[in-house]
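Biologist: I would like to learn how to read a structure like this one, feature by feature. Could we look at it together?

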Amino acid sequence: MTGSVVVRDLGELQGEILLFGGCYSNLRATETFFIAAAEHGIPATNMVCTGDVIGYCAEPAETVRIVRDSGCAVIAGNVERQIALAADDCGCGFEEGTACDRLSAGWYPFALAQSDPDMRDWMVGLPDMLTFRRGAKRYGVVHGAASDIARFVWPMTAETDFQSEIALAEAVAGPLDAIVAGHSGIPFERMVGCCHWINAGAIGMPPHDGRRQTRYVVLTDRGARIERLEYDAERAAAAMRKAGLNHGYDRALLTGLWPSEDVLPHEMRRDQGFASG
């Protein structure tokens, strides 16, 4: 994070907390997530979104609306920051010619065209970072990482990189017992010294494991629990095809496999037998 970093403190939270992000304009998954939260009696004050509400799928405005109307806490993802600026791309910094670069040329202009001034004003007002307490632990929430909103941090990222990111986050927000992140789309946990790094995954896209279910995290007295979200992926994929978003992510909703595997570390690619949590 560079420049003036906006940090919002949520104070003390009690009970189960839902950590989620990467809605990716997938209205069906987002609706299902909030229905499940209501059925379990979890209020919006106990839901924290890691950003990228908008993304690959067909219903960006509707997905923003349901997240906004819920009243849950949201930080800006790189997509929100870029759309707020009416920028030319999603801000991920993909190498030219890679699958992610080519695919983003399909979905990002669609998402930008679907945004209106009110949506962009909401995005401008989103904080860069959240903090909250639960019990004796203090949590910080970032999108990608403290050094870069669009940094991809993976389960096998070097320990020294995790240590550096934790130090940068604490320089902004003060001492932290845990960091919650998103952006990469892969849910995982890792202990780095005394700090618990939790990636909440994405509810709008499966984590490249060959299954349709997407992911979110429930924070309980026993720690972080990665949960699967079962939703109507067929309907979400059909909406993408109807909108002309048939470049590959529509199939990913049904196959559970990304068309953009080149963004992943070598160890996480299919020929290495990777399966996320």
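**Reading rings, strands and cysteines**

Modeller: Phe33 is buried, and Tyr216 is buried as well, where buried means under 20% relative accessible area, exposed over 50% and partly exposed in between, with a 1.4 Å probe and protein chains only. This is a predicted model, in which local features need pLDDT of at least 70 and side-chain atom pairs count only at pLDDT 80 or more, while totals for chains, interfaces and linings use all residues. Residues are numbered from 1 along each chain as its sequence is written, and side-chain values use heavy atoms, leaving out hydrogens and water.

Biologist: How many aromatic pairs does the structure hold?

Modeller: Rings of Phe, Tyr and Trp (its six-membered ring) pair if their centres lie within 6.5 Å, and planes under 30 degrees apart count as stacked, over 60 as edge-to-face and the rest as tilted. The structure holds 12 such pairs. In one of them, the ring centres of Phe20 and Phe34 are 5.8 Å apart with the planes at 85 degrees, so this pair is edge-to-face. Phe20 belongs to strand β2 (residues 17–20) and Phe34 to helix α1 (residues 27–39), so the pair ties together parts that are 14 residues apart in sequence; helices (H or I, at least four residues) and strands (E, at least two) are DSSP runs, numbered from the N terminus. Phe33 and Tyr216 also form an edge-to-face pair, at 5.2 Å centre to centre and 80 degrees between the planes. That pair links distant parts of the chain, with Phe33 in helix α1 and Tyr216 in strand β10 (residues 214–220), 183 residues apart.

Biologist: In what order do the 6 strands of the open sheet stand?

Modeller: Two strands pair if DSSP finds at least two bridges between them. Here the order is β1-β5-β6-β7-β9-β8, and the pairing is mixed. At the edges stand β1 (7–12) and β8 (188–192), each with a single partner strand, so one side of each is left without a neighbour in the sheet. Within the sheet, strand β6 (residues 137–141) and strand β7 (residues 178–181) run parallel and are joined by 3 bridges, and Gly140 stands opposite Ile179 in β7.

Biologist: How many disulfides does the count come to?

Modeller: A disulfide is a covalent bond between the sulfur atoms of two cysteines, and the rule asks for a pair of cysteine sulfur atoms within 2.5 Å. By this rule the count is 0. The closest cysteine sulfur to that of Cys49 is in Cys23, 4.7 Å away, which is too far for a bond. Cys49 counts as buried, at 0% relative accessibility.
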